[in-house]
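Please look at the sequence and the structure below before reading on.

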Amino acid sequence: MPELKAFVVEDNATIRENLIGTLEELTCLRVKGTSATEEDALAWLNDPANDWELLIVDLFLRSGSGMRLAQRIVRRRPSQKVVVFSNYVNASVRKRCAQLGVDAVFDKSTEIDSLVDYCARQCARLATGAPVRA
(Lines give C-alpha, C1' and ligand atoms only; values in the text may rest on other atoms or scores of the structure.)
Protein backbone atom coordinates (compact mmCIF):
# COMPACT_ATOMS: atom_id res chain seq x y z
CA MET A 1 0.00 0.00 0.00
CA PRO A 2 1.33 3.45 -0.85
CA GLU A 3 2.22 5.93 1.86
CA LEU A 4 0.55 9.30 2.32
CA LYS A 5 3.54 11.54 3.10
CA ALA A 6 2.62 14.07 5.77
CA PHE A 7 4.13 16.98 7.65
CA VAL A 8 2.70 17.95 11.06
CA VAL A 9 2.92 21.46 12.54
CA GLU A 10 1.94 21.32 16.22
CA ASP A 11 3.73 22.97 19.14
CA ASN A 12 2.33 20.70 21.87
CA ALA A 13 4.62 17.63 21.90
CA THR A 14 2.04 15.37 23.58
CA ILE A 15 -0.69 16.22 21.08
CA ARG A 16 1.78 15.92 18.19
CA GLU A 17 3.01 12.47 19.22
CA ASN A 18 -0.49 11.16 19.95
CA LEU A 19 -1.80 12.47 16.64
CA ILE A 20 1.07 10.94 14.67
CA GLY A 21 0.70 7.60 16.46
CA THR A 22 -3.05 7.48 15.81
CA LEU A 23 -2.85 8.45 12.14
CA GLU A 24 0.08 6.16 11.36
CA GLU A 25 -1.64 3.24 13.08
CA LEU A 26 -5.06 3.70 11.48
CA THR A 27 -4.15 4.93 7.97
CA CYS A 28 -1.35 4.74 5.38
CA LEU A 29 -0.12 8.16 6.53
CA ARG A 30 3.59 8.42 7.33
CA VAL A 31 4.95 11.57 8.92
CA LYS A 32 8.09 12.76 7.15
CA GLY A 33 8.68 15.77 9.38
CA THR A 34 7.31 17.97 12.15
CA SER A 35 7.65 21.52 13.38
CA ALA A 36 6.48 23.67 16.28
CA THR A 37 6.91 27.01 14.48
CA GLU A 38 5.70 28.70 11.31
CA GLU A 39 9.20 29.56 10.05
CA ASP A 40 10.66 26.06 10.52
CA ALA A 41 7.62 24.53 8.85
CA LEU A 42 7.79 26.94 5.92
CA ALA A 43 11.47 26.21 5.37
CA TRP A 44 10.81 22.45 5.32
CA LEU A 45 7.70 22.68 3.12
CA ASN A 46 9.35 24.93 0.56
CA ASP A 47 12.53 22.84 0.30
CA PRO A 48 12.37 20.96 -3.03
CA ALA A 49 14.19 18.01 -1.40
CA ASN A 50 11.18 17.35 0.85
CA ASP A 51 8.18 15.59 -0.66
CA TRP A 52 4.80 15.83 1.03
CA GLU A 53 1.14 15.22 0.20
CA LEU A 54 -0.62 16.31 3.38
CA LEU A 55 0.10 19.17 5.77
CA ILE A 56 -1.66 19.05 9.15
CA VAL A 57 -1.30 22.36 10.96
CA ASP A 58 -2.48 23.86 14.25
CA LEU A 59 -3.54 27.51 14.19
CA PHE A 60 -1.58 28.68 17.24
CA LEU A 61 2.10 27.78 17.25
CA ARG A 62 5.10 28.41 19.48
CA SER A 63 6.11 31.07 16.96
CA GLY A 64 3.91 32.30 14.11
CA SER A 65 0.52 30.97 13.09
CA GLY A 66 -0.92 28.10 11.11
CA MET A 67 -3.20 30.49 9.24
CA ARG A 68 -0.22 32.52 8.01
CA LEU A 69 1.66 29.33 7.18
CA ALA A 70 -1.19 28.12 4.97
CA GLN A 71 -1.07 31.47 3.19
CA ARG A 72 2.72 31.41 2.66
CA ILE A 73 3.30 27.96 1.14
CA VAL A 74 4.69 28.66 -2.32
CA ARG A 75 5.36 25.27 -3.88
CA ARG A 76 2.02 23.61 -3.31
CA ARG A 77 0.82 21.34 -6.08
CA PRO A 78 -2.92 20.62 -6.55
CA SER A 79 -2.34 17.13 -5.13
CA GLN A 80 -0.90 18.55 -1.89
CA LYS A 81 -3.56 19.02 0.79
CA VAL A 82 -3.56 21.40 3.74
CA VAL A 83 -5.62 20.52 6.81
CA VAL A 84 -6.12 22.64 9.93
CA PHE A 85 -6.43 20.73 13.22
CA SER A 86 -7.07 23.14 16.09
CA ASN A 87 -8.92 23.76 19.35
CA TYR A 88 -9.99 27.16 18.02
CA VAL A 89 -12.42 26.28 15.25
CA ASN A 90 -15.55 28.31 14.63
CA ALA A 91 -17.51 29.55 11.61
CA SER A 92 -15.22 32.53 10.97
CA VAL A 93 -12.09 30.35 11.20
CA ARG A 94 -13.60 27.85 8.76
CA LYS A 95 -14.50 30.69 6.37
CA ARG A 96 -11.02 32.24 6.52
CA CYS A 97 -9.39 28.83 5.99
CA ALA A 98 -11.58 28.24 2.94
CA GLN A 99 -10.55 31.66 1.55
CA LEU A 100 -6.90 30.64 1.95
CA GLY A 101 -7.42 27.37 0.10
CA VAL A 102 -7.24 25.09 3.13
CA ASP A 103 -8.76 21.75 2.12
CA ALA A 104 -10.33 20.77 5.46
CA VAL A 105 -10.67 22.03 9.04
CA PHE A 106 -11.06 19.78 12.09
CA ASP A 107 -11.67 20.63 15.74
CA LYS A 108 -9.20 18.81 18.03
CA SER A 109 -11.76 18.28 20.75
CA THR A 110 -14.60 16.84 18.64
CA GLU A 111 -13.39 15.87 15.17
CA ILE A 112 -10.38 13.53 15.50
CA ASP A 113 -12.45 10.70 13.98
CA SER A 114 -13.27 12.94 11.02
CA LEU A 115 -9.57 13.69 10.54
CA VAL A 116 -8.78 9.96 10.59
CA ASP A 117 -11.56 9.37 8.02
CA TYR A 118 -10.20 12.18 5.84
CA CYS A 119 -6.71 10.65 5.90
CA ALA A 120 -8.13 7.19 5.16
CA ARG A 121 -9.94 8.60 2.10
CA GLN A 122 -6.69 10.15 0.87
CA CYS A 123 -5.00 6.75 1.33
CA ALA A 124 -7.76 5.01 -0.65
CA ARG A 125 -7.30 7.46 -3.52
CA LEU A 126 -3.53 6.88 -3.48
CA ALA A 127 -4.08 3.12 -3.58
CA THR A 128 -6.29 3.37 -6.68
CA GLY A 129 -3.92 5.78 -8.41
CA ALA A 130 -6.64 8.44 -8.46
CA PRO A 131 -5.62 12.02 -7.82
CA VAL A 132 -5.74 12.94 -4.17
CA ARG A 133 -8.61 15.37 -3.57
CA ALA A 134 -10.32 17.00 -0.58
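The report below goes through the sheet, the nonpolar cores, the aromatic pairs and the cysteines in turn. The model is a predicted one, and the values that follow were computed from it.

**The sheet**

Five strands make up an open sheet, with parallel pairing and the order β2-β1-β3-β4-β5. At the edges stand β2 and β5 (104–107), and because each of them has a single partner strand, one side of each is left without a neighbour in the sheet. From one strand to the next, the twist averages 25°. Strand β1 (residues 4–9) and strand β3 (residues 54–57) run parallel and are joined by four bridges, and Val9 stands opposite Val57 in β3. Helix α1 packs on this sheet, where it touches β1, β2, β3 and β4 (81–86), and its direction makes about 165° with that of β2.

**The nonpolar cores**

Which residues have the most contacts inside the largest nonpolar core? They are Val9, Leu45, Leu55, Leu69 and Val82, in a core that has 23 residues. At least two residues of this core are supplied by each of β1, α2, β3, α3, β4 and α4, and the largest share, four residues, comes from α2.

**The aromatic pairs**

The structure holds three aromatic pairs, and two of them are described here. In the pair of Phe7 and Trp44, the ring centres are 4.3 Å apart and the planes lie at 20°, so the pair is stacked. Phe7 lies in strand β1 and Trp44 in helix α2 (residues 38–45), so this pair ties together parts that are 37 residues apart in sequence. Phe7 is buried, with a relative accessible area of 1%, and Trp44 is buried as well, with a relative accessible area of 18%, a value that falls under the 20% limit for that word.

The pair of Phe60 and Tyr88 is edge-to-face, with 4.8 Å from centre to centre and 80° between the planes. Since Phe60 lies in the loop between β3 and α3 (66–72) and Tyr88 in the loop between β4 and α4 (91–99), the pair ties together parts that are 28 residues apart in sequence.

**The cysteines**

A disulfide joins Cys28 to Cys123, with an S to S distance of 2.1 Å, and the count comes to one disulfide. The torsion about the S-S bond of this pair is about -100°, so the disulfide is left-handed. Distant parts of the chain are linked in this way, as Cys28 is in the loop between α1 (13–26) and β2 (29–35) and Cys123 is in helix α5 (residues 112–128), 95 residues apart.

What of Cys97 and Cys119? Cys97 is in no disulfide, and its nearest cysteine sulfur, that of Cys119, is 16 Å away. Cys119 is in no disulfide either, for the nearest cysteine sulfur, that of Cys123, is 6.8 Å away, whereas a disulfide needs sulfur atoms within 2.5 Å. The table lists how buried these cysteines are.

| Residue | Relative accessible area |
|---|---|
| Cys28 | 5%, buried |
| Cys97 | 1%, buried |
| Cys119 | 0%, buried |
| Cys123 | 3%, buried |

Key: Residues numbered from 1 in each chain as written. Predicted model: local features only at pLDDT ≥ 70, side-chain atom pairs only at ≥ 80, totals over all residues. Heavy atoms only, no water. Buried < 20%, exposed > 50% of the residue type's maximum accessible area, 1.4 Å probe, protein only. Pairing = 2+ DSSP bridges. Axes fitted to C-alpha atoms, helices over the stretch in contact; angles between N-to-C directions. Contact = heavy atoms within 4.5 Å. Phe/Tyr/Trp six-rings, centres within 6.5 Å; stacked < 30°, edge-to-face > 60°. Core = buried A, V, L, I, M, F, W, Y, C linked by side-chain atoms within 4.5 Å.
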